[in-house]
Amino acid sequence: MSQQESQPLSADSPFNLNNNAAYQQWRSGRRDCQRPGIDELLVRVADPYNLSSDEKTALIASCKKYNMAIYQLEDLTMQEKSLVHQLGRQLGMKRLDANLRSDEDSVSSLQVREQQGNMYIPYTNKALSWHTDGYYNPLDKQIFGIIMHCVRPAIDGGVNSLINPEEVYIALRDENPSYIEALMHPQAMIIPDNVEAGKVIRAAQDGPVFRVKADGRLHMRFSARKRNIVWRDDRNTHKAVEIINSYLADDENGLKVKLEAGQGIICNNVLHNRTGFEDSAGQKRLMYRARYYDAVESFKL
């Protein structure tokens, strides 16, 4: 674990379990920022290569308030992958995560395709369970920001649901602060080795579910997968995970979004899932996904 990751929480942090007054003040402010409608998140963008001051301000403000924003390009002929890179740079998102199966420019083209070796669900038409991206990454390479751009939607399905992790933190801490303590343990969640053809291509990773970044903001590392996740053998850990999964299973807690061509999601790695989908011969789903070690600019204090 890096020095940055091991720094103790400050006494005045709302995430310090010994400071209930700071938590209640933070909670009061954040409760007003939960569960927005799509209209509250939507920002129309004329030129993604050159955001206007108003467009940039609106995207940053939405991510500051809700941890997410949705953009709609006015010119639907703009579908080059370079627009994703440019959007990220303008919002302070520059350090891309070069992950398995990503393209040479570190932006993944998510579409149904044949795969050699291990099967990765994002490149199939199967449903994806609730998760934050990069939960299997080392702690010094956590994913703090994501851009997902829709080139073509599926003919049917492919709907994302989104939940701000702060909602889950509040629900757990209000129930029992010991659940938060358990999920902040450095071995709360372990991802075993990723082995392909007898070779370890990614070593096992352990770490907390909740941690506080250097800028004082909350970050969540989570997967609802039943396989290839090892939870710390602790009563509060298992109870907390049970509560999270129950919260995520309630449809009322998620914002459903089916991106259309020219739309995209910009977020600070919120919890998300995806329904299964069907392509047709004339319309095959294609998404560009960029994952960053940076959150949206305004979160850098």
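Residues are numbered from 1 along each chain as its sequence is written, and side-chain values use heavy atoms, with hydrogens and water left out. Because the model is predicted, local features need pLDDT of at least 70 and side-chain atom pairs count only at pLDDT 80 or more, while totals for chains, interfaces and linings use all residues.

Within α1, A22, Y23, W26 and R30 are buried (under 20% relative accessible area with a 1.4 Å probe, protein chains only; exposed is over 50%, partly exposed in between). These residues cover an arc of only 95° around the axis, so they lie on the same side of α1 (the arc is taken from the directions from the helix axis to the C-beta atoms). On the face turned away from that buried side, look for the exposed residues A21 and Q25.

Next, show F15, which is buried at a relative accessible area of 3%, together with Y169, buried at 0%. The ring centres of F15 and Y169 are 5.3 Å apart with planes at 90°, so this pair is edge-to-face (rings of Phe, Tyr and Trp, the last by its six-membered ring, pair if their centres lie within 6.5 Å; planes under 30 degrees apart are stacked, over 60 edge-to-face, the rest tilted). The pair joins distant parts of the chain, with F15 in the segment before α1 and Y169 in helix α5, 154 residues apart.

Technical notes. Helices (H or I, at least four residues) and strands (E, at least two) are DSSP runs, numbered from the N terminus.
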